[in-house]
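Open the model in your viewer and keep the selection tool at hand. The tour below goes from stop to stop, saying what to select and what is found there.

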Amino acid sequence: MADVAALAGVSGQTVSRVANNRTNVDATTRARVRAAMRELGYRPNGAARALRNGEFRGIGVIVFELSTFGTTRVLDAIATAATERGYSVNLMPVLDINQRAVNDAFNRLSAQAVDGVIILTEAYLLDEAGVQLPHGLAVVIVDSSAHYDYPVVDTDQFDGARQAVVHLLELGHRTVHHVGGPRTSYPAAHRRHGWEQTLIDHGRELPPPHFGDWTAQSGYEAGRALAADPSVTAVFAANDQMALGVLRALHEHNRQVPTQVSVVGFDDMEESAHFWPPLTTVRQCFAELGRYSVESLLTTLANGEPQPIAVPTELIIRASTTSPGQ
């Protein structure tokens, strides 16, 4: 810093102000200091700044499942929101949901100097295994109903499912069959509960649900059973990928979509508008989910008390649904 100050002809305090992006430096002086930094290869020492200011400007993200569409979209949204607020993101995958693995993830993130942690988990196992989250870091939990004293940010899964089922019932379908996600998944359970409760509230028959694993293949396998049942006229799949598999099974069984069977998905992934027919689906706002997660964590770091947030969903109506027999 002293070398930069000497080269730029300014004080060390001015170099510090420029390095910390303070506004009380005129543009000409700022440009001269930055030029000296580049010439000398100077970069601010993040660790030293953290010791002085009490913050590292880093967010850790613990994730238990990297392969699902929702997780990748939320990770992207968190990274974008964190960058906009001047924070870096350290990703920490956890392969097994147990106390040792969670402790290890927290310890590694602490060593990497983060200010707080966002946890992405959809598995019931986080509760059932009795896993406790270590203290010492601010925490926000996404996509979960975990019973911890931390802020929870999630999509309003229940209402999204309710919208899908109401849409199909209002078209005139007597009931709606469901292809659910994994039994250990919080989002899948919320969507299944929304489907179930909506049918009960409308006094309709409650068919036994089929279960998949979020993949198109599992949707196809459930779809084959549904396609073989002539009484099935409406299907709500818990995500768009399983809905794609259902569509294939219906096509193979010569069940016309939507004139014989209407299909609704969940997520509104980009490809769903290009399925055949284009898929009616429930849109999740992943950008909002990421933004609220970061904002909740920063509020916690500022000694605030963020409230649980349920990000609204929106039903996107396309050509895969219509009145039965139309």
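The stops that follow are in a predicted model, and residue numbers start from 1 along the chain as its sequence is written.

**Stop 1: helices α8 and α9**

Select residues 157-170, which form helix α8, together with residues 186-201, which form helix α9. The axes of these two helices are 7 Å apart, and the packing angle is about 40°. That angle makes α8 oblique to α9. The crossing of α8 and α9 is right-handed.

Now show the side chains where the two helices meet. On the α8 side, pick Gln 157, Phe 158, Ala 161, Arg 162, Val 165, Val 166 and Leu 169. On the α9 side, pick Pro 187, His 190, Arg 191, His 193, Gly 194, Trp 195, Gln 197, Thr 198 and Leu 199. By class, this contact of α8 with α9 holds 8 nonpolar, 6 polar and 2 charged residues.

**Stop 2: His 167**

Stay on helix α8 and select His 167, which is part of that helix. Is His 167 buried or exposed? His 167 has a relative accessible area of 11%, so it counts as buried. Leaving out residues up to four places away in sequence, His 167 touches Val 264, Thr 280, Leu 315, Ile 317 and Thr 321. Turn to Thr 321: its side chain and that of His 167 are joined by a polar contact of 3.0 Å.

**Stop 3: Thr 175**

With a relative accessible area of 10%, Thr 175 is buried. Which backbone oxygen does the side chain of Thr 175 reach? It is the backbone oxygen of Glu 205, at 2.6 Å.

**Stop 4: Arg 204**

Arg 204 lies in the loop between α9 and β7. Its relative accessible area is 30%, so Arg 204 is partly exposed. Apart from neighbours within four places in sequence, Arg 204 is in contact with Leu 169, His 173, Arg 174, Thr 175 and Leu 199. Two of these partners can be checked with the distance tool. A polar atom of the Arg 204 side chain lies 3.1 Å from the backbone oxygen of Arg 174. Leu 169 is 35 residues from Arg 204 along the chain, and their C-alpha atoms are separated by 9.3 Å.

**Stop 5: two cis peptide bonds**

Show the backbone and go to Val 257 and Pro 258. The peptide bond that joins them is cis, with omega about 10°. Pro 258 is in the loop between α11 and β9. Then go to Trp 276 and Pro 277, where the peptide bond is also cis and omega is near -5°. Pro 277 belongs to the loop between β9 and β10.

**Stop 6: two residues with positive phi**

Select Asp 267, in strand β9. Asp 267 is not a glycine, yet its phi is positive, near 130°. With a relative accessible area of 7%, Asp 267 is buried.

Next select Asn 303, in the loop between α12 and β11. Asn 303 is not a glycine either, and its phi is positive at about 70°. Is Asn 303 buried or exposed? Asn 303 is exposed, with a relative accessible area of 72%.

**Stop 7: helices α5 and α12**

For the last stop, select residues 69-84, helix α5, and residues 286-301, helix α12. The axes of these helices come within 7 Å and cross at roughly 55°. The two helices are therefore oblique to each other. The crossing of α5 and α12 is right-handed.

From α5, the contact is made by Phe 69, Gly 70, Arg 73, Val 74, Ala 77, Ile 78, Ala 81 and Ala 82. From α12, it is made by Phe 286, Ala 287, Leu 289, Gly 290, Arg 291, Ser 293 and Val 294. Coloured by class, the contact of α5 with α12 shows 10 nonpolar, 3 polar and 2 charged residues.

Terms used: Predicted model: local features only at pLDDT ≥ 70, side-chain atom pairs only at ≥ 80, totals over all residues. Heavy atoms only, no water. Axes fitted to C-alpha atoms, helices over the stretch in contact; angles between N-to-C directions. Helix = DSSP H or I, 4+ residues; strand = E, 2+ residues; numbered from the N terminus. Parallel < 35°, antiparallel > 145°, perpendicular 65-115°, else oblique. Left-handed = near helix turned anticlockwise from the far one by under 90°. Contact = heavy atoms within 4.5 Å. Nonpolar A, V, L, I, M, F, W, Y, C, P; charged D, E, K, R; others polar. Buried < 20%, exposed > 50% of the residue type's maximum accessible area, 1.4 Å probe, protein only. Polar contact = N/O pair within 3.5 Å; in protein donor to acceptor, adjacent residues only side chain to side chain.
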